[in-house]
Amino acid sequence: MSYMFEVYYKPPSNAAKEAALASKIADLGGRLDYREEATEHTGICLTFEFDDREKATKAVEVLRQLGEHVEGPMDYAA
């Protein structure tokens, strides 16, 4: 079973921010799985995947403490 969460941020795209988030998540045991451009209703969305729910939960806590908008963690549909 995989677990995921999404990080949203306001446009414009910020490659440095995304690289820093991906690096932080890799250090916490996850990986960037998908990136969506902003729509008229949402910001840019980065989906991160983990093999372990506890690690995903810990990563969410860390990101929220850093002020990031995070949705999840949740089970990742196959």
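Helix α2 lies across β1, β3 and β4 and runs at about 170° to β4, where axes are lines fitted to C-alpha atoms, for helices over the stretch in contact, and angles run from 0 to 180 degrees between N-to-C directions. This is a predicted model, in which local features need pLDDT of at least 70 and side-chain atom pairs count only at pLDDT 80 or more, while totals for chains, interfaces and linings use all residues. Residues are numbered from 1 along each chain as its sequence is written, and side-chain values use heavy atoms, with hydrogens and water left out.

**Overall build**

- The secondary structure comes to two helices and four strands, and from the N terminus on the elements run β-α-β-β-α-β; helices (H or I, at least four residues) and strands (E, at least two) are DSSP runs, numbered from the N terminus.
- With 78 residues, a compact globule would have a radius of gyration near 12 Å, and the protein agrees with this at 12 Å; the radius is taken over C-alpha atoms, and the globule rule is 2.2 Å times the number of residues to the power 0.38.
- Taken along the principal axes, the C-alpha atoms fill a box of roughly 30 × 25 × 15 Å.
- Among contacts (heavy atoms within 4.5 Å) between residues at least 6 apart in sequence, 65% join residues at least 24 apart.

**Sheet and helices**

- The open sheet of four strands has the order β2-β3-β1-β4 with antiparallel pairing, and two strands count as paired if DSSP finds at least two bridges between them.
- The edge strands, each pairing on one side only, are β2 (31–36) and β4 (69–75), and the twist averages 20° from one strand to the next.
- Strands β1 and β3 pair in the antiparallel sense over seven bridges, and Phe-5 stands opposite Phe-48 in β3.
- Five bridges join β1 to β4, also antiparallel, with Val-70 in β4 as the bridge partner of Val-7.
- Five bridges likewise join β2 to β3 in the antiparallel sense, and Glu-36 has Cys-45 in β3 as its bridge partner.
- Helix α1 lies across β1, β2 and β3, running at about 15° to β3.

- Buried residues (under 20% relative accessible area, with exposed over 50% and partly exposed in between, for a 1.4 Å probe and protein chains only) make up 35% of the 78 residues.
- Strand β3 is largely enclosed by the rest of the structure, because seven of its seven residues are buried.
- From β3, Ile-44, Leu-46, Phe-48 and Phe-50 point one way, whereas Cys-45, Thr-47 and Glu-49 point the other way.

- Thr-47, placed in strand β3, counts as buried because its relative accessibility is 4%.
- With neighbours within four places in sequence again left aside, Thr-47 is in contact with residues including Met-4, Glu-6, Arg-31, Asp-33, Tyr-34 and Tyr-76.
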